[in-house]
Amino acid sequence: MMTLDVEELRRRLWRRYREIREPWMRWMLRIQDEALSALRDFLRGEGFIEILAPIIGPVTDPGIRGAKQVSIDYYGERFKAMSSIILYKQMAATALGKVFALSPNLRLEPPETLHTGRHLAEFRQLDLEVAEAKYLDLMELGERMLIYVLRRIRRECAEELEKLGRELRIPPRPFRRLTHAEAVELLREEGFNLKHGEEIPWDAEKHISSLFQEPFWIIDYPITARGFYDREDPDRPGILRDFDLLYPEGYGEAISGGEREYEYERVLARMKARGENPEDYSWYLEMLREGIKPSAGFGIGVERLTRYLCGLKYIWDAVPFPKVPGIPSP
Ligand code: AMP
Ligand code: MG
């Protein structure tokens, strides 16, 4: 945890109208704009179609660790603001093959996550899904996509990078891969008291990220660590065919993704094992029962990408109008 003056941050957030006029904000926003264009250009070149993301629905992604979902009253029904569009991506990939959306997400992250410097309560994911793809295909795509963005930013935003004092290296491919079990072992050797079968805690994520000079993957998460939609490896029960990409230098997680469960019976069993009420997911389960294509996909956080590209200490400096955990602000 870093020391953070919370009152000073609150004052800053309520005076964003002043701060947004400062030169560093212009440099950051210019880099963010270029990164968004680069992501779109790259994905169009790969044959993806951009779709519009839903903002609310009867259910949303339950796999959001300690964060709370946001409920709204929708004509007398309790609806949820999207924590991610995972359930909709599978529907769209079945119809269109390769899809992506720039999706706004709400997650009431626990107030203490303010101190990680990488959590917002409102953020955007570039979220994509590919029908008939395997998780290794998506990792290959993710590597090429990140390198494309880094090259574009270095070329088109050289002046802004220099003013921000940021040097960006282009990492060689393929990126290094650790299994989740290897990552836990490494962190234990570094003095973290971790158990197998769990998500990597925030401070350990930052630490492992700081051990590397290039982005790297953590793959094959244990089934107990993730939502019902990441596909369990048929040949290795208890292990998921999924991945996270971590930025180096302590910036932490960039991407989460994997292959998806798409068979009705399997999803139903996974929901029950996680204590979900299948009735809440009636339309989704009906869709699975009628049949959808297998798929794989991932989401990359736009503000986290911007923070990394710009070399910023805090994620709230990588978004024009930040909403941070625990501090209501405009
Ligand atoms: P997840 O499916 O929870 O891994 O979210 C997908 C991606 O969105 C992550 O890899 C991050 O890049 C980003 N993300 C998730 N939660 C947050 C948050 N609270 N604030 C900012 N970015 C986030
Ligand atoms: Mg994640």
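Before we count anything, here's a sorting rule: Ala, Val, Leu, Ile, Met, Phe, Trp, Tyr, Cys and Pro count as nonpolar, Asp, Glu, Lys and Arg as charged, and the others, Gly among them, as polar. Also keep in mind that this is a predicted model.

**Exercise 1. The largest pocket**

Task: Describe the space in the largest pocket, the elements that line it and the classes of its lining residues.

Solution: 
- Step 1: Start with the space. The largest pocket holds about 760 Å³.
- Step 2: Look at what surrounds that space. The lining has 37 residues, and those closest to the pocket's centre are Gly63, Arg107, Gln125, Glu253 and Ser256.
- Step 3: Now find the elements. Two or more lining residues come from each of helix H4 (86-96), strand E6 (122-131), strand E10 (252-259), strand E11 (295-301) and helix H11 (302-310). The top contributor is E10, with 5 residues.
- Step 4: Apply the sorting rule. The lining of the largest pocket splits into 16 charged, 12 nonpolar and 9 polar residues.

**Exercise 2. The second largest pocket**

Task: Which residues line the second largest pocket, and how do they divide by class?

Solution: 
- Step 1: The space in this pocket is about 150 Å³.
- Step 2: One part of its lining is Leu108, Glu109, Pro110, Pro111 and Ala121, and the rest is Lys323, Val324, Pro325, Gly326, Ile327, Pro328 and Ser329.
- Step 3: Sort them with the rule, and you get 8 nonpolar, 2 polar and 2 charged residues in the lining of the second largest pocket.

**Exercise 3. The cavity**

Task: How many cavities of 30 Å³ or more does the structure hold, and what lines the largest cavity?

Solution: 
- Step 1: The count is 1 cavity of 30 Å³ or more.
- Step 2: The largest cavity has a volume of about 70 Å³.
- Step 3: Its lining is made of Arg65, Glu199, Ile200, Glu205, Ile208, Ile218, Tyr221, Asp244, Leu246 and Glu253. Helix H8 (202-210) and strand E9 (242-247) are the elements that give two or more residues to it.
- Step 4: By class, the lining of the largest cavity has 5 charged and 5 nonpolar residues, and no polar ones.

**Exercise 4. Salt bridges across the chain**

Task: Where in the chain do Arg118 and Glu205 lie, and are they buried or exposed?

Solution: 
- Step 1: Recall the idea behind the pairing. Side chains of opposite charge can pair when their charged atoms come close.
- Step 2: Check the pair. The side chains of Arg118 and Glu205 form a salt bridge, at 3.0 Å from N to O.
- Step 3: Arg118 sits in the loop between strand E5 (98-106) and E6 while Glu205 sits in helix H8, so their pairing ties together parts 87 residues apart in sequence.
- Step 4: Use the cut-off: buried means under 20% relative accessible area. Arg118 is buried because its relative accessibility is 2%, and Glu205 is buried too, at 5%.
- Step 5: Asp317 and Arg16 meet in a salt bridge at 3.9 Å, N to O. Asp317 is buried at 10%, and Arg16 is buried at 6%.

**Exercise 5. One patch, one loop**

Solution: 
- Step 1: Ile72, Tyr74 and Tyr75 make a nonpolar surface patch of about 350 Å².
- Step 2: Tyr74 belongs to strand E3 (residues 71-74), and its 32% relative accessibility makes it partly exposed.
- Step 3: Val59 is in the loop between strand E2 (56-57) and E3. With a relative accessible area of 8%, Val59 is buried.
- Step 4: Val59 and Phe79 are 20 residues apart along the chain, and their C-alpha atoms are separated by 6.8 Å.

Definitions and conventions:
Residues are numbered from 1 along each chain as its sequence is written. Chains are lettered from A and ligands numbered from 1 in the order in which they are written. This is a predicted model: local features need pLDDT of at least 70, side-chain atom pairs count only at pLDDT 80 or more; totals for chains, interfaces and linings use all residues. Side-chain values use heavy atoms; hydrogens and water are left out. Patches are made of residues with over 30% relative accessible area and no salt bridge: like charges are joined within 9 Å, nonpolar side chains (Val, Leu, Ile, Met, Phe, Trp, Tyr) within 5 Å. Accessible areas come from the Shrake-Rupley method with a 1.4 Å probe; for residues, only the protein chains shown count as cover. A salt bridge is a side-chain nitrogen of Lys or Arg within 4 Å of a carboxyl oxygen of Asp or Glu. Helices (H or I, at least four residues) and strands (E, at least two) are DSSP runs, numbered from the N terminus. Buried means under 20% relative accessible area, exposed over 50%, partly exposed in between (1.4 Å probe, protein chains only). On a 1 Å grid over the protein atoms alone, a cavity is a set of points where a 1.4 Å probe fits but cannot get out, and a pocket is an open set with protein on both sides within 12 Å along at least five of seven lines; lining residues have an atom within 4 Å of a point. Grid points are joined across faces, edges and corners, and a volume is the space filled by probe spheres set on the points.
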